[in-house]
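Visitor: I would like to learn how to read helix packing. Please show me a case.

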Amino acid sequence: MQTLLWTLIIIATLGTASYFRMKLMNATIAVAIAMLLGSIFGPVGGIAWLVFLIIAIPLNVESLRKKYLTAPILDTYKKIMPEMSSTERDAIDAGTVWWDGEIFSGNPNWQALHSIPQARLSAEEREFLDGPVAQVCQMVNDWDITHKDTDLTPEVWQFLKDNKFFAMIIKKQYGGLEFSAYAQSRVLQKLSGVSAVLSTTVGVPNSLGPGELLQHYGTKEQQDHYLPRLATGEEIPCFALTGPEAGSDAGSLPDSGIVCKGEWEGKEVIGLRLTFDKRYITLAPVATVIGLAFKMYDPDGLVGDKEDIGITCALLPRDTKGMEIGNRHFPLNVPFQNGPIRGTDIFVPLDFIIGGVGMAGQGWRMLVECLSVGRCITLPSASAGGAKSIALATGAYARIRRQFKMPVGKMEGVEEMLASIGGNAYLMDAVTSLTTKAVDLGEKPSVVSAICKYHLTEKMRQLVNDAMDVHGGKGVMLGPNNYLGRGYQGAPIAITVEGANILTRNMMIYGQGAMRSHPFVLKELYAASNEDKEQGLNDFDDAVFGHIGFAISNTFRSIWFSLTGARLAGAPFDDETAVYYRSLQRFSSNLALLSDVSMAVLGGELKRRERISARLGDVLSYIYLASAVLKRYDDQGRLKEDLPLVHWAMQDCLFKLETALTELFENFPSKVMGVMLKAIIMPFGRSYQRPSDKIEHKIASILQSHNGSRTRLGEGQHFGEQDCLMGDLEQTLKDVLASEPVFDKVCKAAKQRYPFTGLDAIAQKGLELEVITEQEAELLKRTEAGRLRTINVDDFDPKELIANTQAAKPKRRSAKTTEAA
């Protein structure tokens, strides 16, 4: 019994040293002291000391450790690690490690999170949002855009150019606006709440494309020529990457550029003979300058001694001879300008390469570096903006629309949908604010950008589905008064672009995160590939034993957190949110442990175990999303009235995170290891539940009335005047809320409970009973008119719905033609 007791004391000492991540020598001394006490007061004898010294001496004597431990481990590591392709290396090297590194640390620094300055607009940016952005929102009619014109009007196009909407990322020295990433996000949010075509048209030139690539990599001549023209809208850019044979697998581009001699403007020059077939290219039909990605080859050694130069990016004017542009795709009734671009044996000079010949072969690195920023902004912001507008619209509709003599929003089934909509909208806006602020601070968070793109576009898809359930026929019947249908139709578009969501979840988030954000994995990889063997051994020694200590620490931390429910973990605030900080600290340690175990058990096979990678990525993602929620709550002054939204978002994240862990354990390739991991991390089963009915009732109430929380939830969105759909809906909600006590007054005087319909008749009844004023009667009449506008749907003369079948008939390309192209 005494032997067992002292064994436990020694293990506890080791565990405590590991929990607090003491240095190796200090941890060794702590264990030695425990053993010394065991020798004095207990049964610790010579054999125990012999075992201790056999382990401790090689670990702490550097020369012995490197010779007898590190070197053999390094040799084995080199044999089992799979080779990394150049595109994989570029993707891993792209961007920076930011809060994702803290998540992988097993012990996030919450003070560092809350010390990040709150994202704010400058006076110039605020003026732009309140001025030109609000104006263009008032100018567009989404029904005309999507059903009649399939495009923005010429007036809107010109307004966008005149007010430099396409130049938000371009520096002021070239005539651009040079807005912060946060301001770009707010602009796109506001636009997306009005029209997806409008937000897409503005978003693409300010994301991955010629403007971004030129500013970072272009030659001075290219920058001086193109950037001022892009700033004024004289040039409209697009970027052609995706083709029939290379979608998510951009590394397999079949499009080629062969270095050769040719004639250009009457002179023989060295250039490229380009052959390419691209599709899904946004703004292609109207673009005047085309960014093009292709694989560059130099078979005759005209520019160097390497034949396969690699992926390269070039800029081609629209009038380049032989380039075929003109037709349009038709993306799910959200007809932003999008189409194919093709060319066969097009000759252009080498100075069309972005950055010149020196940047030849650097295209993939250029693209993934820029994408790590752009993917943080465009699609997440459009999704968050749409979510915010839908949240307010659905809450208003649920309060205005009545069934069974009550607002449908008071029905528990509808409350559940409203809670999901409101909670997700709160979270999505929190994520965009935090992430764009990171970009403004100079970060290029490649892992976080993948998290944002995947989860916010998926949440938008879920949210618009929930909204359709609440609206019913109002959402189904398309027409000028339907503010939901096109968003529902177009939701899958964002799912498929900038890396399809299946790929992003199953391969990118954790695939990059495990390499990029883990504190030791990339260091080990680089040390193992170091051609300087001595330096490589030194670096590998530091990395691998740091990694071993890290893994031991996270094992003990995970055990301790699971046994105590993380109740003793630290939290920066002692309030209702403390439990969430503690839970996230626990899951951070779990993620770090699971990453090390998964990599140790599966090795290079892990990247092919997509479902394992996806679940680990879910754990990483939900910790990030939850961190953003906590950051937003603190930034906005920790307002108690917002707590229902915070609770819902946090509890939903924690529940889904724990679901991912459960599925990981149940499907772990090694069943024994899966059982062991579950025993360490979840010994008592699940700890987190879905948000409660009580919380969901509070969120439903927030969305159906005017209050500070609802105002903050929809902050920045366009509601315009009463002739705007959203503005009319908001005004009708105000009128309904104001009319309800007047209505009750009439019912009480008449001693009869009328249905909340025919309010003009109720107004007349109230006047007859002399219980309401003329002003109150006018309110009831105005409310009735607004109520009918809200619940009624459009109908059409059958002839209006007949398409011009001849004009709409698509041009079909034969297999032979496609192959030739």
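**Helix packing**

Guide: Two packed helices are described by the angle between their axes and the distance between the axes. Here the axes of α23 (residues 578-602) and α24 (residues 610-635) cross at roughly 155 degrees and come within 10 Å. That makes α23 roughly antiparallel to α24 (over 145 degrees; roughly perpendicular is 65 to 115). The model is predicted, with local features needing pLDDT of at least 70 and side-chain atom pairs 80 or more, while totals for chains, interfaces and linings use all residues. Residues are numbered from 1 along each chain, and side-chain values use heavy atoms, without hydrogens and water.

Visitor: Which residues of α23 and α24 make the contact?

Guide: Contact means heavy atoms within 4.5 Å. On α23 they include Y580, F587 and L591, and on α24 they include I612, L616 and I623. By class, this contact has 14 nonpolar, 3 polar and no charged residues.

Visitor: At what angle do α20 and α21 pack?

Guide: Helix α20 (residues 501-516) and helix α21 (residues 521-528) pack at about 70 degrees, their axes 6 Å apart, so α20 is roughly perpendicular to α21. A514, M515 and R516 of α20 meet V521, L522 and L525 of α21; the classes are 5 nonpolar, no polar and 1 charged.

Visitor: Is α11 enclosed or open, and why?

Guide: Buried means under 20% relative accessible area. In α11, 12 of the 12 residues are buried, so the helix is largely enclosed by the rest of the structure. What covers the buried residues of α11 includes α8 (123-139), α12 (196-203), α15 (363-400) and α16 (412-440).

Key:
Buried < 20%, exposed > 50% of the residue type's maximum accessible area, 1.4 Å probe, protein only. Helix = DSSP H or I, 4+ residues; strand = E, 2+ residues; numbered from the N terminus. Axes fitted to C-alpha atoms, helices over the stretch in contact; angles between N-to-C directions. Parallel < 35°, antiparallel > 145°, perpendicular 65-115°, else oblique. Nonpolar A, V, L, I, M, F, W, Y, C, P; charged D, E, K, R; others polar.
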